[in-house]
Amino acid sequence: MSKGVTPKSENYSKWYTDVITKAELADYGPVKGTMVIRPYGYQLWEKLKDTLDKEFKKTGHINAYFPLFIPKSFLAKESEHVEGFAKECAIVTHSRLTHNEDKTDLIPDPESKLEEEIIVRPTSETVIWSMYRKWINSYRDLPILINQWANVVRWEMRTRLFLRTSEFLWQEGHTAHQTAKEAEEETLKILNIYESVVQNTLGIPVICGKKTEAEKFAGADDTYCIEAMMGDKRALQAGTSHYLGQNFAKAFDVKFQDIDNTEKYVYATSWGVSTRLLGALIMVHGDDKGLRLPPNIAPIQIVFVPIFKTEEDLLKIQNYLNQTMNYCKDNNITYYFDNRQKLSPGYKFNEWEMKGVPIRIEVGVRDMEKQNITLVRRDNSIKMIDNITLLTSKINDTLQDIQNNLFNNALDFQKQNTFQTHSYDEFKQLINKGAFIECGWDGDAQTEENIKNETNATIRCIPFTQSTQELQCIYTSKPAKFNVIFAKAY
């Protein structure tokens, strides 16, 4: 493994890419804009996926899978929806290839041109609602609570690993309900799951709120979101949950016979998070040594590094640590015993620091003689020498303390860089330095657009907790309709 990353303070974007490639999370795919998720990065996704999946299933959701290919006509049925995705769609026009005349290249076979062009899934609302039309007839068929784990394709011009790639992994939930109230409750229930998992598993503090009309999902009545502050003080939309009203039901003519024998359109929601959360994990917790992983998401929570010269020493150290490793196994603590012989201890220390393993335990022959181990925490680099007989009693508490410490560090950083202001001049100065700005907004879409054009800042959300004091709009000085969070965003 190559050593070192570009310091964050020197070039944040280069630091971010360095961490991903040198910690072996991902690499660039052969097609521009695509990403190969390497095993260590995919382990992170699997842990996040498993955690979310359990929470979804606790609330009655079940998984299904829908096609990657969508008829182009489906997108045209919901005009607002198609407008939101039209510029990002990849299109299939032919079903096979053939050689050109001199057989130097492959070209689409003219005879295989499709009668109807096919869209490669940018999101699945349209194909799913075409199926719901077949499955829903009566109120007895409701609610439908389906989630899908899948890949989607959105043809991005400017890409960045994990944050914005032409193909990415995600989950997308799509539910159908008898009443608007039930659908609205579903939307917020999912948002609460996102908030809990992102904060408690990834250790990332978030702000929950509602998107403005300009920022909401194409085709939704309301979009709710969780927003997080990255290490460069920019915002990242970490998850969204959409109340779709009856828009897709009307577009695809999905009706049901209600208990009063009247025919009604169903109410819908959709919601999703993606592999961009791994980008957030890196940017929120990473430092100049690489990753710092909260234990709840770390593929390896403890790495044991034996310091040895002979096979005999290695065997003694392994026996010395067996009780501790068995404790980890019995308590579902993931660990790795690094007995690689061709690598120096220093190389291993750097590698595991780069990969963000929460606890490193070092043991050499002299340590065994004194019945000691050396424990190094990745979150704060504190090194402790302790008696091995005390180790098992401290492991769980130390892991929990690291989890809490990383979350609290991120929360403190967010609070220190969130400002309230009533002056538009101060607003512009703070935004240019990087910040979350909490201020008044008059609710006018033109005001929102003007601020975006002048500062590149957007309203990240209208927080659920609104200020009770009278506010003026930061831009027009009119009475504010909402207290909002502005920031520059990824």
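1. A pocket here is an open set of points on a 1 Å grid over the protein atoms alone, with protein on both sides within 12 Å along at least five of seven lines; lining residues have an atom within 4 Å of a point. This is a predicted model, where local features need pLDDT of at least 70, side-chain atom pairs count only at pLDDT 80 or more, and totals for chains, interfaces and linings use all residues. Residues are numbered from 1 along each chain as its sequence is written, and side-chain values use heavy atoms, without hydrogens and water.

2. The largest pocket holds about 1,600 Å³ of space. Its lining has 47 residues, and the closest to its centre are Glu 88, Arg 154, Arg 164, Gln 237 and Arg 276. Among the elements that each supply at least two lining residues are helix 4 (79-85) and strand 13 (235-245); helices are DSSP runs (H or I) of at least four residues and strands (E) of at least two.

3. Strand 9 is worth a look: ten of its ten residues are buried, that is, under 20% relative accessible area with a 1.4 Å probe and protein chains only. Ile 144, Ile 146, Gln 148, Ala 150 and Val 152 point one way, while Leu 145, Asn 147, Trp 149, Asn 151 and Val 153 point the other. In a regular strand, side chains alternate between the two faces of the sheet.

4. Now for its partners. Strand 9 runs antiparallel to strand 10, with ten bridges, and parallel to strand 3, with two; pairing takes at least two DSSP bridges. Trp 149 is bridged to Gln 171 in strand 10, and Asn 63 to Asn 147 in strand 9.

Conventions. Buried means under 20% relative accessible area, exposed over 50%, partly exposed in between (1.4 Å probe, protein chains only). On a 1 Å grid over the protein atoms alone, a cavity is a set of points where a 1.4 Å probe fits but cannot get out, and a pocket is an open set with protein on both sides within 12 Å along at least five of seven lines; lining residues have an atom within 4 Å of a point. Grid points are joined across faces, edges and corners, and a volume is the space filled by probe spheres set on the points.
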